[in-house]
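Colleague: Hi! I'm new to this one, could you walk me through it?
Modeller: Happy to, let me bring it up.

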Number of protein chains: 2
Amino acid sequence: MKKEDFKYQEDHLKLARFAKALSHPARLHILNFLSCCDRCYTGNIVDELPIAQSSVSQHLKELKEAGLIQGTIETPKVYYCIDKENWKLAKELFKEFF
Amino acid sequence: MKKEDFKYQEDHLKLARFAKALSHPARLHILNFLSCCDRCYTGNIVDELPIAQSSVSQHLKELKEAGLIQGTIETPKVYYCIDKENWKLAKELFKEFF
DNA sequence: AATAATTATCGTACATTTGCGATGAACGAT
DNA sequence: ATCGTTCATCGCAAATGTACGATAATTATT
């Protein structure tokens, strides 16, 4: 097979994206926190972590883009929670991989 | 709790390292390949991937440093295989996390 | 000794990630 | 209208990741 034609498996691409989202302890902490507290806003998460608010916001953005969390505006706060559908998908992909 | 004193959980640090190792499709492909073929050398892996030999070597190094694979020199080749102990640990950490 | 085979490492280029402070946007309360 | 609260985004700096070609290291073969 020619190198040019090679395509990574779709499952591997998806799994790599999830793994990347999980590859920082702050993001693991956020997910862990959200899975306990069910529903909480940015401020609570900032208080949970040793980094600046802007940095937390960036991590939240990445988790959201990876599909692992959802944000809901309730002005002036934003509530976050686990995206259960993608969470399940990620869980299954990891399980299948190992 | 003061920000200075915050420490990430040991499990999260370990899991983040494993996740980082899994965060690239080439490395997932390598691990998948190794789990099938049990034991094979660098050349086989290079043939499996669309990237240069030096790049593959770099990915192998990262997987080795993450503890997920082991290399055995059988000059002039190097055989690689899954590090079963850490593989199991990673599997359990992911399972526990989800 | 010279060559070939196999793999790791080096140097380089470019992109991405991580973190911070400052600023902006939205809105409720005064 | 102004202020305070809450959160996201911007701009920057430093570090890390990804890929490549070239080169080095090791050793078996000629």
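Colleague: How many bridges join strand 2 of chain A to strand 3 of chain A?
Modeller: There are 6 bridges between strand 2 (residues 69-74) and strand 3 (residues 77-82) of chain A, and the two run antiparallel. Keep in mind that this is a predicted model.

Colleague: Thanks! And what joins strand 2 of chain A to strand 3 of chain A?
Modeller: A hairpin does that, through 2 residues.

Colleague: Which residue in strand 3 of chain A is the bridge partner of Gly71(A)?
Modeller: That's Tyr80(A). Elsewhere along strand 3 of chain A, Ile82(A) stands opposite Ile69(A).

Colleague: What about strand 1 of chain A, in which sense does it pair with strand 3 of chain A?
Modeller: Strand 1 (residues 40-41) of chain A pairs with strand 3 in the antiparallel sense, over 2 bridges. Tyr80(A) turns up here too: Cys40(A) stands opposite Tyr80(A) in strand 3 of chain A.

Colleague: Switching to the surface now. Which residues form the positive patch?
Modeller: Four lysines make it up: Lys91(A) and Lys95(A), with Lys91(B) and Lys95(B).

Colleague: And which helices supply at least two residues of that patch each?
Modeller: Helix 5 (84-97) of chain A and helix 5 (84-97) of chain B. Lys91(B), for one, has its place in helix 5 of chain B.

Colleague: Why does Lys91(B) count as partly exposed?
Modeller: Because its relative accessible area is 43%, and partly exposed covers what lies between the 20% limit for buried and the 50% limit for exposed.

How values were computed: Residues numbered from 1 in each chain as written. Chains lettered and ligands numbered in written order. Predicted model: local features only at pLDDT ≥ 70, side-chain atom pairs only at ≥ 80, totals over all residues. Heavy atoms only, no water. Patch = residues over 30% accessible without salt bridge, like charges linked within 9 Å, V, L, I, M, F, W, Y side chains within 5 Å. Areas by Shrake-Rupley, 256 points an atom, 1.4 Å probe, with all protein chains shown as cover. Salt bridge = Lys/Arg side-chain N within 4 Å of Asp/Glu carboxyl O. Lys, Arg positive; Asp, Glu negative; His and termini not counted. Charge placed at Lys NZ, Arg CZ, Asp CG, Glu CD. Helix = DSSP H or I, 4+ residues; strand = E, 2+ residues; numbered from the N terminus. Buried < 20%, exposed > 50% of the residue type's maximum accessible area, 1.4 Å probe, protein only. Pairing = 2+ DSSP bridges.
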